[in-house]
Amino acid sequence: MPARVNPDVPGESRLLKKVGRRIRALRERKGLTMAELGASAKGVVYFQRQYVWKMETGRVAPSLAALAHFARRLDVSLSDLLLGI
């Protein structure tokens, strides 16, 4: 089960929303749906569309592995995905 946003961690909610907005912008620029972003290039589903939506809206905290998957699907490095956030 994905980690939910912890209201006790200062700034976490704001940070997750920024990360989510960045991923959404890159996904839309690449022309991928949420379902396509959650799957591999071969169509193996790793993350359901609902998880991607929750992550893009800052409702869940993606793991490092999830962020790495999204970066690969978006053709950016993990550091570029998080640059400036």
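**View 1. Positive surface patch of the predicted model**. In this predicted model, the side chains of R14, K17, K18, R21 and R59 form a positive surface patch. One of these residues, K18, is found in helix α1, which spans residues 12-30, and its relative accessibility of 40% makes K18 count as partly exposed.

**View 2. The largest nonpolar core**. This core has 17 residues, and those with the most contacts inside it are I23 and F70. Two or more residues are given to the core by each of α1, α2 (34-38), α3 (49-56) and α4 (64-73), with α4 giving the most, namely four residues.

**View 3. The salt-bridge network of R24, R27 and E56**. The side chains of E56 and R24 meet in a salt bridge with an N to O distance of 3.2 Å, which links E56 in helix α3 to R24 in helix α1, 32 residues apart. R27 also forms a salt bridge with E56, the closest N and O atoms being 2.6 Å apart; because R27 lies in helix α1 and E56 in helix α3, this pair ties together parts that are 29 residues apart in sequence. E56 is buried, with a relative accessible area of 2%, and R27 likewise counts as buried at 7%, whereas R24 is partly exposed at 27%.

**View 4. The salt bridge between K30 and D75**. Among the three salt bridges found in a search of the whole structure is the one in which the side chains of K30 and D75 meet at 2.5 Å, N to O. K30 lies in helix α1 and D75 in the loop between α4 and α5 (78-82), so the pair ties together parts that are 45 residues apart in sequence. K30 counts as partly exposed at 39% relative accessibility, while D75, at 58%, counts as exposed.

Technical notes
Residues numbered from 1 in each chain as written. Predicted model: local features only at pLDDT ≥ 70, side-chain atom pairs only at ≥ 80, totals over all residues. Heavy atoms only, no water. Patch = residues over 30% accessible without salt bridge, like charges linked within 9 Å, V, L, I, M, F, W, Y side chains within 5 Å. Areas by Shrake-Rupley, 256 points an atom, 1.4 Å probe, with all protein chains shown as cover. Salt bridge = Lys/Arg side-chain N within 4 Å of Asp/Glu carboxyl O. Lys, Arg positive; Asp, Glu negative; His and termini not counted. Charge placed at Lys NZ, Arg CZ, Asp CG, Glu CD. Buried < 20%, exposed > 50% of the residue type's maximum accessible area, 1.4 Å probe, protein only. Core = buried A, V, L, I, M, F, W, Y, C linked by side-chain atoms within 4.5 Å.
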